[in-house]
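The following exercises are to be worked through with the sequence and the structure at hand. Each task is followed by a solution in steps.

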Amino acid sequence: MVQARRRKPARHFDLDEGSSLLGTLRLSAYLGITLALSPLQLVVLLLRVPARNLLPRFYHRLTCRIIGLDVEVRGRMSAAAPTLFVSNHTSYFDIPVLGSLIRGSFVAKTEVGSWPVFGWLSKMQRTVFVDRRRHTTHRQRDDLQRRLDAGDNLILFPEGTSNDGNAVLPFRSALLSVAEREARGRALTVQPVSVSYTKLNSLPMGYRNRAYLAWYGDMTLGSHLWQFARLGPARVVVEFHDPVTIADFRSRKELTQHCYAEISGGVAKALHGKVE
């Protein structure tokens, strides 16, 4: 597995008592809406209500607003059902950012299901948990296939780990093998999506200050979230690239390379402030 090197922020913002109050208010509000909406989502899941993906999207939008994530959308999101959304992965912040836009479920490593709070939330959004060991790939593919055949959109992070947000790590093609099968009688739509953290406190974030939002390596989740909650707002650029299918390529590896090129190009463009 390729690991991103940990980079400390180049400068520290002034975190005074006012900043701590802001952080406390933000996290308290986040906890409040989580406690209020989780029981409702549980009832929706138990009753198998068709619109069970609507509440998570509303929840993620509230989360982004509360913790200070300003999401800018570029491109057009695929309307095909199902669609496999393929994205780069910088931080746990990617979850509310993408969840606020896409009506679907995430694909996450098995360990996430046991995380405090976030594990519970991931189950509430019907996350597909996968074991990333190579010898279990066929079983993971079957699990994904069942969800796609049911018409569920899925969000996949093929890097296999988060990184410092300044570049995109190589993609693993194994889980994209699901794109080789048909879903609901037709070729599966695959849409590359790039997520880029570009500004903090209305200023360009810069190469090393992106660590205020990126979460990787040996960073502790609680302290990282507390530090960011006292800052912000942060601008996040989400670009939906043109949808494709496996039929557009000679192999799964070519499809994977295409997604990587589109996403890494979108991230580079956003980080350099380019708008087409």
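Two residues are in contact when they have heavy atoms within 4.5 Å of each other. The model is predicted: local features need pLDDT of at least 70, side-chain atom pairs count only at pLDDT 80 or more, and totals for chains, interfaces and linings use all residues. Residues are numbered from 1 along each chain as its sequence is written, and side-chain values use heavy atoms, with hydrogens and water left out.

**Exercise 1. Describe the surroundings of serine 194.**

Step 1. Locate the residue. Serine 194 belongs to strand S8; helices (H or I, at least four residues) and strands (E, at least two) are DSSP runs numbered from the N terminus.

Step 2. Classify its exposure. Buried means under 20% relative accessible area, exposed over 50%, and partly exposed in between, with a 1.4 Å probe and protein chains only. Serine 194 has a relative accessible area of 1% and is therefore buried.

Step 3. List its contacts. Not counting residues up to four places away in sequence, serine 194 touches Asn88, Val237, Val238, Glu239, His241, Ile263, Gly266 and Val267.

Step 4. Compare sequence and space. Serine 194 and alanine 270 are 76 residues apart along the chain, and their C-alpha atoms are separated by 9.0 Å.

**Exercise 2. Check the length of helix H7 and state what covers its buried residues.**

Step 1. Calculate the span. The expected span of a helix is 1.5 Å times one less than its number of residues. The 20 residues of H7 (252–271) should therefore span 28 Å, and the end C-alpha atoms are 28 Å apart, which agrees.

Step 2. Identify the buried residues. In H7 these are Leu255, Thr256, Cys259, Ile263, Gly266, Val267, Lys269 and Ala270. An α-helix has 3.6 residues a turn, so residues three or four places apart point the same way.

Step 3. Name the cover. It includes strands S1 (69–75), S2 (83–87), S8 (189–200) and S10 (234–240).

Step 4. Inspect the end. Just after H7, glycine 273 takes a positive phi of about 75°.

**Exercise 3. Apply the analysis to helix H2 and then examine the largest nonpolar core.**

Step 1. Helix H2 has 14 residues and reaches 20 Å from its first C-alpha to its last, close to the 20 Å expected at 1.5 Å a residue. Its buried residues include Leu55, Tyr59, Thr63 and Ile67. Glycine 68 follows H2 and has a positive phi, near 95°.

Step 2. A nonpolar core is a set of buried Ala, Val, Leu, Ile, Met, Phe, Trp, Tyr and Cys residues joined through side-chain atoms within 4.5 Å. The largest has 40 residues, and those with the most contacts inside it are Leu69, Phe93, Leu98, Leu213 and Val238. H2 gives the most to this core, with five residues.

Step 3. Leucine 213 is in contact with Leu69, Ser91, Phe93, Tyr197, Leu200, Met205, His224, Phe228 and Ala234, leaving aside its neighbours within four places in sequence. A second, separate core of 25 residues includes Val107, Leu154, Leu176 and Leu188.

**Exercise 4. Is glutamate 182 buried or exposed, and which residues does it contact?**

Step 1. Glutamate 182 is found in strand S6 (residues 182–183).

Step 2. Because its relative accessible area is 52%, glutamate 182 counts as exposed.

Step 3. Leaving aside neighbours within four places in sequence, glutamate 182 contacts Gln145, Asp149 and Ala187. Its C-alpha lies 9.9 Å from that of threonine 245, 63 residues apart in sequence.
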